[in-house]
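Please read them with the structure open.

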Amino acid sequence: MLRLSLGAKFTLGTIVAIALAFMYIPLFLVVINSFSAARLSSWPIAEFSTIWWEKAFVSEPIRAALLNSVIVGLGATVIALILGTLVAFALQRYTFFGKQTVNLLVVLPIALPGIVTGVALNNTYNQVLEPIGIEVGYFGMIIAHGTFCIVMVFNNVLARLRRINPSIEEASRDLGATPLQTFRLVTFPQFRSAFVAGAILAFALSFDEVVVTIFTAPPGVDTLPLWIMNQMARPNEASLVNVVATVVILASFIPVWVSQRLARGADERE
Amino acid sequence: MNRRAQLSALLALPMLWLIGIYIFSLVMLLVTAFWVTDPFTSKVKPGFTLRNFEQIIANPAYASTSLRTLGIALAVTVLSILISVPLGIFMAKVASPKLRAILAVAITLPLWAGYLVKILAMRITFTEEGFFNSMLGPLGISGPGFSIVTVVLTLTYLWLPYMAVPVYTAIRQLPPNLFDASSDLGAGAGFTIRTVVLPLIRPAIIAGSIFTFSLSLGDYIAAKFVGGSTQMIGSIIASNINLNPPIAAAFSLVPIAFVVIYLVSVQRTGALERM
């Protein structure tokens with residue numbers, strides 16, 4: 001037992017309270033300011049109104065940005081699911097020279113600062129591909145997002161594969177199932193929830209990404225974070241941004257909730 | 001199919017993607033750092049010059065920005081540790097199981113709230129007529145406004161969960177009899193924390209610091225929106241990417257170098273193997 005004096009406990013409790021206030025008050029201010037009637041955020045709020053919520057719902061740029069975010073997120077998730085699962089199987093089922101290097105390669109796009117990834121891909125698109133007549137356009141953004149999302153699927157699937165009992169697959173083979181049948185009926189169901197969790201994390205990561213997007217989005221195309229950023233840069237209708245930000249905060253509970261349910265489901269099965 | 005062919009089949013597509021697109025781009029970035037920009041047309045021409053690197057070293061603004069960014073990243077890391085250790089001790093050793101479960105969710109939840117949303121939130125909190133000044137103004141305290149202090153606070157706000165979660169997990173996993181032994185031998189709480197807890201959770205602190213350090217190092221959006229005139233490495237790279245890509249490429253090697261130096265110096269402590 002760690003014997004703490006009452007004073008020490010009080011000090012610790014105070015630090016925790018300040019840390020929590022530091023985490024949650026700013027988010028609360030965003031939510032409450034989205035109901036302000038004023039154009040600019042301020043405190044205290046003089047007058048409440050839902051005018052900005054009404055404006056946000058009919059705003060064409062917001063809808064377009066949201067659509068772009070969803071398209072890019074889905075594209076990146078598909079790329080990450082395919083590549084991440086393949087690498088996870090390779091690293092879990094085989095021993096080979098350079099295994100650590102392959103692992104590093106998957107982690108690198110997220111370990112290096114986003115600005116390095118963004119500038120490197122921007123440089124390739126503009127200084128290498130464009131001069132030889134290849135315009136990546138919209139796909140440049142999806143390729144970039146897919147690259148740093150691989151690690152999300154990889155981590156989840158690899159962790160699950162490590163816990164799968166190999167004798168079940170052997171039994172399936174011994175009973176005459178083809179490799180494809182074994183995969184479809186025995187292997188995949190065992191890592192399906194990790195696969196889904198990886199997909200959700202990959203989508204969430206892509207949906208939230210700003211820096212890489214700045215450097216890889218084609219001119220005139222906004223994702224939701226880019227739209228928020230551009231609005232913050234010219235803050236004449238700041239309250240509208242607060243509405244979008246509030247929706248993002250609320251939407252962020254979904255992946256937390258789903259991944260907790262998936263984790264619980266996986267624990268119950270074991 | 002033999003195992004070698006199976007392995008190749010699994011790895012072909014991912015490696016083609018990661019090496020063909022990502023590593024290729026990183027190498028080209030390094031190569032571009034040696035290319036030349038025509039000062040009149042600002043067209044980039046392949047070539048070999050060390051001028052970009054000379055400019056970075058000779059220009060005092062670049063050197064001071066690099067140092068400032070390094071200082072910000074270190075400050076964010078230290079501040080994250082200073083918050084995470086008491087938080088972890090409180091959660092693991094003081095809080096009731098119920099409060100502990102609530103706090104565990106509470107410290108991970110903001111991780112998901114959206115990067116720009118959090119920067120926006122800090123902007124609203126610290127703006128001139130904002131919450132901070134309005135609450136503490138009557139006490140004669142005025143907030144940091146948009147300055148380097150706010151940048152450090154905002155980056156800490158963004159990356160704190162990366163430190164708080166591993167530190168809390170590490171403190172929870174400490175065997176309780178260590179605390180009994182320490183207190184039986186007459187150590188007070190502060191002494192136990194310094195001589196027993198801190199050395200044992202060092203690997204977790206180092207693991208967390210890799211994230212807080214390298215994520216802060218590459219950031220420039222926080223500086224742009226809550227930093228006033230504060231410039232970071234990323235600000236300079238971003239402002240040069242269209243005007244002078246070779247300079248941007250050369251300067252983007254600076255954060256890479258910082259991260260690599262940090263990782264190597266951390267590796268020498270042996271903490272990485274235990275991650």
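1. In chain A, one aromatic cluster is formed by A:Phe89, A:Phe183, A:Phe188, A:Phe191 and A:Phe195, where rings of Phe, Tyr and Trp (its six-membered ring) pair if their centres lie within 6.5 Å, and planes under 30 degrees apart count as stacked, over 60 as edge-to-face and the rest as tilted. Over all chains, the structure holds 18 aromatic pairs.

2. On the basis of these comments: this is a predicted model, in which local features need pLDDT of at least 70 and side-chain atom pairs count only at pLDDT 80 or more, while totals for chains, interfaces and linings use all residues. Residues are numbered from 1 along each chain as its sequence is written, chains are lettered from A and ligands numbered from 1 in the order in which they are written, and side-chain values use heavy atoms, with hydrogens and water left out.

3. A:Phe22 is buried at a relative accessible area of 17%, and B:Tyr157 is buried at 3%, with buried meaning under 20% relative accessible area, exposed over 50% and partly exposed in between (1.4 Å probe, protein chains only).

4. A second pair lies within chain A, where the rings of A:Phe203 and A:Phe207 have centres 5.8 Å apart and planes at 25°, so this pair is stacked. Both residues belong to helix H8 (residues 179-208) of chain A and sit four residues apart, about one turn of the helix. A:Phe203 is partly exposed, at 24% relative accessibility, and A:Phe207 is likewise partly exposed, at 21%.

5. Two packed helices are described by the angle between their axes and the distance between the axes. In chain A, the axes of helix H10 (residues 224-233) and helix H11 (residues 238-251) come within 10 Å and cross at roughly 150°, the axes being lines fitted to C-alpha atoms over the stretch in contact, with angles from 0 to 180 degrees between N-to-C directions. That makes H10(A) roughly antiparallel to H11(A), given that angles under 35 degrees count as roughly parallel, over 145 as roughly antiparallel, 65 to 115 as roughly perpendicular and the rest as oblique. By class, their contact has eight nonpolar, one polar and no charged residues.

6. Which residues does A:Val241 touch, not counting residues up to four places away in sequence? They are A:Trp227, A:Ile228, A:Gln231, A:Met232 and B:Leu120, contact meaning heavy atoms within 4.5 Å. A:Val241 is found in helix H11 of chain A and is buried, with a relative accessible area of 2%.

7. In chain B, helix H1 (residues 3-32) and helix H12 (residues 245-267) pack at an angle of about 115°, with their axes 8 Å apart, which makes H1(B) roughly perpendicular to H12(B). Here B:Leu29, B:Leu30 and B:Thr32 of H1(B) meet B:Pro246, B:Ala249, B:Ser252 and B:Leu253 of H12(B).

Note on methods. Helix = DSSP H or I, 4+ residues; strand = E, 2+ residues; numbered from the N terminus. Nonpolar A, V, L, I, M, F, W, Y, C, P; charged D, E, K, R; others polar.
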